[in-house]
Amino acid sequence: MMRPFGSIGALAAVALLSGCERYATPESLRGAGEPIALTSQSITLPDETVTLPASAEIVTVNCTACHSPDLILSQPRLKPEQWQAEITKMRSAYKATIDEKDDGKIVAALLALQK
Ligand code: HEC
């Protein structure tokens, strides 16, 4: 089978990788040509004990990817506009991808949770 771009691709990859090596591992940090030893670590996270009720599914879906439900449930009682400000903050400060058309439903679910 013909692979007209095979050797060009390989050349491009070599050029790319040599660029990475130059910036990521300066010669001052390791001997030239020495292999890099990669290691992995393991940690034990605390068990998640608090879950939200099924009625608050919209909160689970939009809010618990980044932090635990407990963080939400442990807040003082907030007014609707304060919850709205939280949602807006999650979106602007932490880049949460919460659809703006869901804001009203999320605020209602958050209010119901603190009852
Ligand atoms: C993209 C990630 C992300 C999403 C999604 C997200 N948050 Fe957060 N949230 C954060 C981060 C980061 C913090 C700061 C955590 C810290 O200080 O430990 C935070 C903090 C909070 C706090 C603590 C008070 C504060 O303002 O710092 C509350 C309450 C909160 N989030 C509620 C929500 C709610 C409600 C939703 C869903 C509508 C949500 N979050 C979705 C990232 C997110």
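Guide: Let's start with α4, which gives the largest share of the shell around the ligand, 5 residues. Keep in mind that this is a predicted model, where local features need pLDDT of at least 70 and side-chain atom pairs count only at pLDDT 80 or more, while totals for chains, interfaces and linings use all residues. Residues are numbered from 1 along each chain as its sequence is written, and side-chain values use heavy atoms, with hydrogens and water left out.

There are 16 residues around the ligand, and Cys63, Cys66, His67, Lys89 and Met90 come nearest; a residue is near if one of its heavy atoms lies within 4 Å. Sorted by kind, the shell holds 11 nonpolar, 3 polar and 2 charged residues. Here Ala, Val, Leu, Ile, Met, Phe, Trp, Tyr, Cys and Pro count as nonpolar, Asp, Glu, Lys and Arg as charged, and the others, Gly among them, as polar.

Now look at individual atoms. His67 places a polar side-chain atom 2.8 Å from a nitrogen atom of the ligand. In the side chain of Lys89, an N or O atom is 2.6 Å from a ligand oxygen, and for Glu86 the corresponding distance to an oxygen atom of the ligand is 2.9 Å. The ligand sits in the largest pocket. Besides α4, the elements giving two or more residues to its shell are α2 (57–63), α3 (69–73) and α5.

Step back for a moment to the whole chain. It has 5 helices and 0 strands, running α-α-α-α-α from the N terminus; helices (H or I, at least four residues) and strands (E, at least two) are DSSP runs. Of its 115 residues, 21% count as buried, where buried means under 20% relative accessible area, exposed over 50%, and partly exposed in between (1.4 Å probe, protein chains only).

Back at α4, follow the chain onward. The loop between α4 and α5 contains Lys95. Lys95 is not a glycine, yet has a positive phi of about 60°. This residue is exposed, at 63% relative accessible area.

Next come the charged pairs. Side chains of opposite charge can pair when their charged atoms come close. The whole structure has 3 salt bridges, each a side-chain nitrogen of Lys or Arg within 4 Å of a carboxyl oxygen of Asp or Glu. One of them joins Asp103 to Arg91, with the closest N and O atoms 2.7 Å apart. This pair links distant parts of the chain, 12 residues apart: Asp103 belongs to helix α5 (residues 103–113) and Arg91 to helix α4 (residues 80–94). Both partners are tucked away: Asp103 is buried at 8% relative accessible area, and Arg91 counts as buried at 19%.

Lys101 takes part in the other bridges. Its closest N–O distance to Asp99 is 3.5 Å, and to Asp102 it is 3.9 Å. Lys101 itself is exposed, at 65% relative accessibility, while Asp99 is partly exposed at 37% and Asp102 is buried at 15%.

Technical notes:
Polar contact = N/O pair within 3.5 Å; in protein donor to acceptor, adjacent residues only side chain to side chain. 1 Å grid on protein atoms, 1.4 Å probe; cavity = no way out; pocket = protein on both sides within 12 Å on 5 of 7 lines; lining within 4 Å. Sits in = over half its atoms within 2 Å of the grid points.
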